[in-house]
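Colleague: I would like to learn how to read a protein model. Could we go through it one feature at a time?

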Amino acid sequence: MTATTTAPARREAANPLTAGQLPLWGPWALIGVALAIGAAVSALVAGASGTDFSIVAAVLIAYVLYLVAITVVSQQIEGGRKAADRLVTGVVVGAFVLALVPLVSLVSTVIINGAARFDLQFFTWTMRNVVGEGGGVLHAIIGTLLVTLWAAIISVPVGIFTAIYLVEYGRGRLSQAITFFVDVMTGIPSIVAGLFAYALFALFAGEGVRAGIGGAVALSLLMIPTVVRSTEEMLKLVPNDLREASYALGVPKWLTIAKVVLPTALAGIVTGVTLAIARVIGETAPLLIIAGFTTNMNYNVFDGRMMTLPVFAYNQYVSPGVQEQAYFDRAWTAALVLILIVMLLNVIARIIAKVFAPKAGR
């Protein structure tokens, strides 16, 4: 009786719950071995061919070796299903890291090169009468904020009301035509929007017109499709039960939309608008055509040329003066400031979405 009861217990002790699984350090050990082999192979190739050691080649060789090794080892220890899972996980992680490489490279390059002029003078001076070192980007920051503000003033009401019509009222061919043209506008190149704005203002002000409001009109053409699409999707997510409950109380449709539908979708709408602003704030081609560039401060979007951050960076980089490095430093720092503004807008969009999101559990 004692022998029969102790035998299963011994088998359980010999086969714990972790049996048939790789230890936690197993994949990391394989990564280390693969990296060592990849570095050795890359070094041998570089020595034989007389070229420099390639980190990229070493990492690629190590990555392929790791995928093969983790699949074979997992097949022997954990079985076919777990081996396939680890193989797919390795491929997905590799694709994710590969997608991060250009982003990290871009951000690090801009930060390293833009730190040279990231000082108080850069944010408090303009480029008026500045040749060579010194100067600042204050006039471009003000121009960017004003042009983007007016673009939002134009596009946000149009985009939201268009989305309301498509979701709440639109039926038949008119709705289909609007949807089609919104889709077409989504793929319009930015320079085409700039040419349209220039042609429109040239009809009233003549050839050679340059004004910040023209840049705002060009940017609004790029913003409207994004606002329409994001708002439309948010309105579709509002449950029909809320609309029907409001109608059952005798509330008219327009008031139901204003008091029930829009407040429910407010978080998503504001997030979409903020992301649309972040999408157009870095456009250069349309602003080059219609807003132009200047070294002076201009607070009036309806009169005169207006400098913006993308145009400032472009102009500093392609038209350097005698002291080229000073111009290049200003261009890189302007690009860094633009990235920081876009990052700030994305953070604001996330905060707004979290604050105004409908509260659950009530």
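Colleague: Which side chain makes a polar contact with the side chain of glutamate 168?

Modeller: Keep in mind that this is a predicted model. The partner is arginine 243, whose side chain makes a polar contact with that of glutamate 168 at 2.8 Å. Glutamate 168 is found in helix α6.

Colleague: Is glutamate 168 buried or exposed?

Modeller: A residue counts as buried when its relative accessible area is under 20%. Glutamate 168 has a value of 6%, so it is buried. Leaving out residues up to four places away in sequence, glutamate 168 touches Arg243, Lys253, Ile257 and Val261.

Colleague: Lys253 is on that list. Over which ring does the charged end of lysine 253 sit?

Modeller: The charged end of lysine 253 sits over the ring of tyrosine 169, 4.6 Å from the ring centre. A second case is arginine 330, with its charged end over the ring of tyrosine 327, 4.6 Å from the centre.

Colleague: Where is histidine 139, and what is it in contact with?

Modeller: Histidine 139 is also placed in helix α6. Its relative accessibility is 2%, so histidine 139 counts as buried. Apart from neighbours within four places in sequence, its contacts include Thr126, Met127, Met307 and Phe312. The run Thr294, Thr295, Asn296 and Met297 is in contact with histidine 139 as well.

Colleague: Now the rings. How many aromatic pairs does a search of the whole structure find?

Modeller: The search finds five. One of them joins phenylalanine 118 and phenylalanine 123, with 5.1 Å from centre to centre and 80° between the planes, an edge-to-face pair. Planes over 60 degrees apart count as edge-to-face. Phenylalanine 118 is partly exposed at 41% relative accessible area, and phenylalanine 123 is partly exposed at 26%.

Colleague: Why is the pair of tryptophan 150 and phenylalanine 302 called edge-to-face?

Modeller: The planes of tryptophan 150 and phenylalanine 302 are at 80°, so the pair is edge-to-face; the ring centres are 5.2 Å apart. This pair links distant parts of the chain, 152 residues apart. Tryptophan 150 is in helix α6 (residues 138–169), while phenylalanine 302 is in the loop between α13 (285–290) and α14 (309–318). Tryptophan 150 is partly exposed, at 29% relative accessibility.

Colleague: Which residues form one aromatic cluster?

Modeller: Phe118, Phe122 and Phe123 form one.

Colleague: How far apart in space are glutamine 76 and glycine 20?

Modeller: Separation in sequence and distance in space are read as two numbers. Glutamine 76 and glycine 20 are 56 residues apart in sequence, and their C-alpha atoms are 9.2 Å apart in space. Glutamine 76 is in helix α3 (residues 55–77). A relative accessible area of 64% makes glutamine 76 exposed.

Colleague: What percentage of the residues is buried?

Modeller: Buried residues are 36% of the 362 in the protein chain. The chain exposes about 21000 Å², and carbon and sulfur atoms supply 70% of that area. Among contacts between residues at least 6 apart in sequence, 71% join residues at least 24 apart.

Key: Residues numbered from 1 in each chain as written. Heavy atoms only, no water. Phe/Tyr/Trp six-rings, centres within 6.5 Å; stacked < 30°, edge-to-face > 60°. Buried < 20%, exposed > 50% of the residue type's maximum accessible area, 1.4 Å probe, protein only. Helix = DSSP H or I, 4+ residues; strand = E, 2+ residues; numbered from the N terminus. Lys NZ or Arg CZ within 6 Å of the ring centre and 35° of its normal. Contact = heavy atoms within 4.5 Å. Areas by Shrake-Rupley, 256 points an atom, 1.4 Å probe, with all protein chains shown as cover. Polar contact = N/O pair within 3.5 Å; in protein donor to acceptor, adjacent residues only side chain to side chain.
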